[in-house]
Amino acid sequence: MTATIHNRRRNHNSIAVMSATPPAPAPPAHGGLNGHAPPPSPTAESFSKFFESWIAEQSRDLAALRAAASAADPATPEADLRRLVDRVLSHYEHYYRAKAAAADDDVLRMFSPSWTSTTENLFLWCGGWRPTAALHLLYAKSGMQLEHQLPGFLNGGSLDPDLADLSADQLQDADQLQRRTIKREREIEDAAATAQEALATARMVEIAGGGEMNGEAMEREMETKADGMRRVLDMADALRLETMRGVVALLRPAQAVHFLLAAAELHLAVHEFGRRKDRRAGNAGAAPPQEP
């Protein structure tokens, strides 16, 4: 088993950035973590403010996941860990439902988000993180934890109940999930290509030609084209959330805590790094003060 996991790590050592937009169904009916009520679903105009509140909620989730992962008592009831995992997943669901509502209002903002950094936007795939990145993250974290525990294990010790202890069945389930996800990603990419190529139809050429653009006709056509990209975003976000759920479903509760912890750490770290980089670039581009 150890060799299998170690090989899996080498084969999946490239982690795509799971930032900018984590995954689309119903928001939780209950309050948020630690009694914090989830923010209301926004329109496109207010999504930037919603995103900041969601980042704050994810930071609270991160603290709870870290506490659970580092608990001194390894015998924490699985029911307690499962409740934490379900609560964190419900916050992802709330995010994606809010995002879908905002996209219905204005899908353009979802593909050129101002609430994420230029670093995060560089790695966007169909309006968010690439779903197979969840599997790459699982393999990477599993390999790192196994490597850390391997000396003790080889000396007769046991593995901790984290991602180092993935079974052969779990690895097989993860591999099957990855294959299905790759297939779905390709279908979504085909749909995106069709929607993008629709920009160059004969009707669009007719509207744009002649030296004088018909503004009303262009507005109608572009709204139709935007509908195509909205469907792409819906499919992509649904797959993001489905993949996140799929990974969690194949893990034991304690392992799911470590996976969700790694996902939150990666997202928040890249988000903060990108914001700092953008602020430095903005300051460097500002005009120097004039001498009196």
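Q: In this predicted model, is S117 buried or exposed?
A: The model is predicted, and local features are taken where pLDDT is at least 70. S117 has a relative accessible area of 0%. The cut-off for burial is under 20%, so S117 counts as buried.

Q: Where does S117 lie, and which residues is S117 in contact with beyond its neighbours within four places in sequence?
A: S117 belongs to the loop between α4 (108-111) and α5 (118-122). Leaving aside the neighbours within four places in sequence, the contacts of S117 are H271, G274, R275 and D278.

Q: How many helices and how many strands does the protein chain have?
A: Read along the sequence, the pattern is α-α-α-α-α-α-α-α-α-α. The count for the protein chain is zero strands and ten helices.

Q: What percentage of the residues in the protein chain is buried?
A: The accessible surface of the protein chain is about 15,000 Å², and carbon and sulfur atoms account for 54% of that surface. The protein chain has 292 residues, and the buried share of them is 43%.

Q: Which residues does L260 touch, not counting residues up to four places away in sequence?
A: Once residues up to four places away in sequence are set aside, L260 touches L65, V85, V88, L89, Y92, M244 and V248.

Q: What is the phi of C126, and is C126 buried or exposed?
A: Most residues other than glycine have a negative phi. C126, in the loop between α5 and α6, has a positive phi near 50°. Its relative accessibility is 16% and burial means under 20%, so C126 counts as buried.

Q: Are α7 and α9 roughly parallel or antiparallel to each other?
A: Two packed helices are described by the angle between their axes and the distance between the axes. The axes of α7 and α9 come within 9 Å and cross at roughly 170°. Angles over 145 degrees count as roughly antiparallel, so α7 and α9 are roughly antiparallel.

Q: How do the residues of the contact of α7 with α9 divide by class?
A: On the α7 side the contact includes L177, R184, E185 and I188, and on the α9 side it includes M229, V232, L239 and V247. By class, the contact of α7 with α9 has eleven nonpolar, five polar and three charged residues.

Q: Which residues does E185 touch, not counting residues up to four places away in sequence?
A: E185 lies in helix α7 and is buried, with a relative accessible area of 2%. Not counting residues up to four places away in sequence, E185 touches W125, R130, P131, T132 and L239.

Q: How many charged residues does the contact of α3 with α9 have?
A: The axes of α3 and α9 come within 11 Å and cross at roughly 180°, so the two helices are roughly antiparallel. Among the residues in contact are R82, E93, K99 and D104 of α3 and R230, D237, R240 and R245 of α9. The contact has nine nonpolar residues and no polar ones, and its charged residues number eight.

Q: What distance separates the C-alpha atoms of Q149 and D165?
A: Q149 is in helix α6 and is buried, with a relative accessible area of 11%. Leaving aside neighbours within four places in sequence, Q149 is in contact with L159, D160, D162 and A164. Q149 and D165 are 16 residues apart along the chain, and their C-alpha atoms are separated by 9.9 Å.

Q: How far apart in space are T76 and A254, C-alpha to C-alpha?
A: T76 is in the loop between α2 and α3 and counts as partly exposed, at 26% relative accessibility. T76 and A254 are 178 residues apart in sequence, and their C-alpha to C-alpha distance is 8.9 Å.

Technical notes: Residues are numbered from 1 along each chain as its sequence is written. This is a predicted model: local features need pLDDT of at least 70, side-chain atom pairs count only at pLDDT 80 or more; totals for chains, interfaces and linings use all residues. Side-chain values use heavy atoms; hydrogens and water are left out. Contact means heavy atoms within 4.5 Å. Helices (H or I, at least four residues) and strands (E, at least two) are DSSP runs, numbered from the N terminus. Buried means under 20% relative accessible area, exposed over 50%, partly exposed in between (1.4 Å probe, protein chains only). Accessible areas come from the Shrake-Rupley method with a 1.4 Å probe; for residues, only the protein chains shown count as cover. Axes are lines fitted to C-alpha atoms, for helices over the stretch in contact, and angles run from 0 to 180 degrees between N-to-C directions. Angles under 35 degrees count as roughly parallel, over 145 as roughly antiparallel, 65 to 115 as roughly perpendicular and the rest as oblique. Ala, Val, Leu, Ile, Met, Phe, Trp, Tyr, Cys and Pro count as nonpolar, Asp, Glu, Lys and Arg as charged, and the others, Gly among them, as polar.
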